[in-house]
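Here is a short briefing for a first look at a protein model. Keep the viewer open as you read.

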Protein chains: 2
Amino acid sequence: MQALPKKAQNGTQEDHAALPRRATGRPQMSDVALLAGVSTSTVSRALRMPDAVSDLLRGRIDAAIDHLGYVPNIVAGGLAASRTRVIGVIVPSLNNSFFAATIEAMDAAFAPKGYQIMLGNSGYSLEREADLLDSFLSWSPSAIVLTGRNHLRRTLKRVVSCDVPVVEMWEIGDHTLDTAIGFSHRAVGEMAAKHLYARNKQRIAFIGAALTSDLRAKERGAGFFDAVRAAGRHDVLSHTIPERASVEVGGAALAALLEAHPSVDGVFFSNDALMLGALFECQRVGIKVPEQLALIGFGDMDFSAWSTPTLSTIRPPRSEIGLEVARHLLARFADPALGGTTIDLGCQLMQRQST
Amino acid sequence: MQALPKKAQNGTQEDHAALPRRATGRPQMSDVALLAGVSTSTVSRALRMPDAVSDLLRGRIDAAIDHLGYVPNIVAGGLAASRTRVIGVIVPSLNNSFFAATIEAMDAAFAPKGYQIMLGNSGYSLEREADLLDSFLSWSPSAIVLTGRNHLRRTLKRVVSCDVPVVEMWEIGDHTLDTAIGFSHRAVGEMAAKHLYARNKQRIAFIGAALTSDLRAKERGAGFFDAVRAAGRHDVLSHTIPERASVEVGGAALAALLEAHPSVDGVFFSNDALMLGALFECQRVGIKVPEQLALIGFGDMDFSAWSTPTLSTIRPPRSEIGLEVARHLLARFADPALGGTTIDLGCQLMQRQST
DNA sequence: TAGATTTATGCAATCGCTTGCAAGCGCTGT
DNA sequence: ACAGCGCTTGCAAGCGATTGCATAAATCTA
């Protein structure tokens, strides 16, 4: 395809000669080298490891680069180096502001170092996660970041056979695939239950959404029940729904819970959105919060601190996770010996008016 | 592949010879070719244009591919073809659920066709947008998707000089860089004002956040004022704040507006989050919604349909935009003659209890 | 049945950069 | 004066695919 679209005069000086088969039209490293009077290897080094090149040449090269407006071809570089500065990140959802904050923070830390996040959305499906992983690996990424500790066998297999740094985020536990950065969801559930008891609530319950796919939410529920049992109560009250957590389903879930167990006086929600829906339901039917019913959630979403009443919740280290993942990986690229660590960033109880 | 980490037997037959300098350890196209008894060009064609290859060979190739678990090296392919199946998408924010929904939809449409979205977060900065564009272009993407119609000169320059399909989303207008898919924010503002008047409100106002950077929100405000003036009112009431829209700032903004203009009886918010904050403020100080004060927002966020009272809002075609962008681009890859269109997806007034 | 087309393959030349290796250079110590 | 050392630099061989062109085989005229 020569004629119309592109032009491609990347030849040495005469552009009458046989045109190259393809061309990007942009200046390339050899142009920079020519202009600076050095070889391409030196240009490459000036870019990759600046202090391996003398000040004199580095100056000439830099000048040539911005004279030409040279932008390296990352794809060519990636092929030659057989790895790209891509970080494959797989999250279960984008709509969920938890992960959005984590990704923003991660990206903010990676971008200045020249690493590009490649985002994948598994939709809480482990199958899809495995597929995404495969397609990410074909980019020869510098690292892979997965959400949670639960993966398909083939995911694990691929990941170990590919010898690429992997970090699991947003959840920690005993075993570790490689590196885990997050917090214990079980501890979150326990914290919620203990807090409700501390606020003198007697019959406390758990409302969870989409627990079959959102295993971290399920863990929070399990931690909650552990604490209930540890307190000597044996009636484990809960209402769970198959739908994804949202304000919409929160109200109905609360209504259903109260219908089944009218004496409940405190509720822990697997997610703040559910709790907000429940708060609206309380306003609708005239339940006093927190006097009649105490509410505590998870996530510390935007609205929780500013609703009427304000909502108690447990705040996960959303951006901290992203930042820490980036930090860890960056350190590891510099020194591959690192890795295999588990970092617990903990969670914070935000006590507000609803409890 | 067998031997543990890397091994690299991509030689012709004897692997005792000097090992290659580097190797990925994964099987490559030549392995597939060898096993299927064809040349690599045939394998490549079987992958790229299946019906250019005979059924017999295609069968053998497919078998070889999944026998070896071959995954093509996208980077090598990208270099050879001088373009990758990457779509560079730049949005102003990820936390904002508007764009998250658009991206999810776009990704869902692109992924099955083998295109990978590369996401960039400009943080509402045009400078950063331009930088991101540069770094995306060095990936030789198949297309670039930008948010909005407002860009730096150098962004435009780069984009035209690179001869890559570009679509601007979430906003349309008269001029078009290449293709625009979205809706008119001015029309949204007008719709809001007209609706408030239709509900018999007399003194209506606009509350906007971060209008200097969020030019689409500003447009919505401008459309609102247009309609106010068209209705013969000349006191254009508004309160704007520099912070980004959030539930937090919505309450304070409403309080400030009412302090300055106590007679206001209807408010249009540049964003639903602001409106929710204002609703909480109303609950706090005992303002009756909609009797004393009507509220209408923009975005139709998760909570708007389920709050107490439910909130009127104007719903943008969030996922529709993503889907349409993907559709357009996919069609265009097949037939490069397309392009230069503007698609207005419109917005929908969701009338609820707050007006 | 020979000649003209139309497929279906393979050959080999790239795509634009990275990097192992070796050569060049200016010093130092003896 | 020269071997030895460290630091820069260039040479050239890849990295693993894609694809223009040529060729072989199959199909279609006349």
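In which loop is the place of D300(A)? D300(A) sits in the loop between β9 and β10 (312-315) of chain A. Keep in mind that this is a predicted model, where local features need pLDDT of at least 70, side-chain atom pairs count only at pLDDT 80 or more, and totals for chains, interfaces and linings use all residues. Residues are numbered from 1 along each chain as its sequence is written, chains are lettered from A and ligands numbered from 1 in the order in which they are written, and side-chain values use heavy atoms, with hydrogens and water left out.

**Confidence in chain A**

- The mean pLDDT of chain A is 90; pLDDT is the predictor's confidence in each residue, from 0 to 100.
- In chain A, 93% of the residues reach 70 or more.
- Residues 1-22 of chain A have a pLDDT below 50. Beyond near neighbours in sequence, this stretch has 15 contacts in the model; contact means heavy atoms within 4.5 Å.
- Where pLDDT is low, the predicted coordinates should not be read in detail.

**Backbone features**

- Most residues other than glycine have a negative phi, and most peptide bonds are trans.
- D300(A) is not a glycine, yet its phi is positive, at about 45 degrees. With 7% relative accessibility, D300(A) counts as buried. Buried means under 20% relative accessible area, exposed means over 50%, and partly exposed is in between (1.4 Å probe, protein chains only).
- S140(B) is not a glycine either, and its phi is about 50 degrees, also positive. Look for S140(B) in the loop between α6 (126-137) and β3 (143-147) of chain B. S140(B) counts as buried, at 12% relative accessibility.
- V289(A) and P290(A) are joined by a cis peptide bond, with omega about 5 degrees. P290(A) lies in the loop between α11 (272-285) and β9 (294-298) of chain A.
- V289(B) and P290(B) are joined by a cis peptide bond too, with omega about 10 degrees. P290(B) is in the loop between α11 (272-285) and β9 (294-298) of chain B.

- Helices (H or I, at least four residues) and strands (E, at least two) are DSSP runs, numbered from the N terminus.
- Helix α1(B) spans residues 29-36, and its buried residues include M29(B), V32(B) and A36(B).
- The buried residues of α1(B) pack against α2 (40-48) and α3 (55-68) of chain B.
- Just after α1(B), G37(B) has a positive phi of about 70 degrees.
- The axes of α2(B) and α3(B) come within 10 Å and cross at roughly 90 degrees. Axes are lines fitted to C-alpha atoms, for helices over the stretch in contact, and angles run from 0 to 180 degrees between N-to-C directions.
- α2(B) and α3(B) are therefore roughly perpendicular. Angles under 35 degrees count as roughly parallel, over 145 as roughly antiparallel, 65 to 115 as roughly perpendicular and the rest as oblique.
- T42(B), V43(B), A46(B) and L47(B) of α2(B) meet L57(B), I61(B) and I65(B) of α3(B).

**Helices α8 and α9 of chain B**

- Helix α8(B) (residues 185-198) and helix α9(B) (residues 215-230) pack at about 45 degrees, with axes 6 Å apart. That angle makes α8(B) oblique to α9(B).
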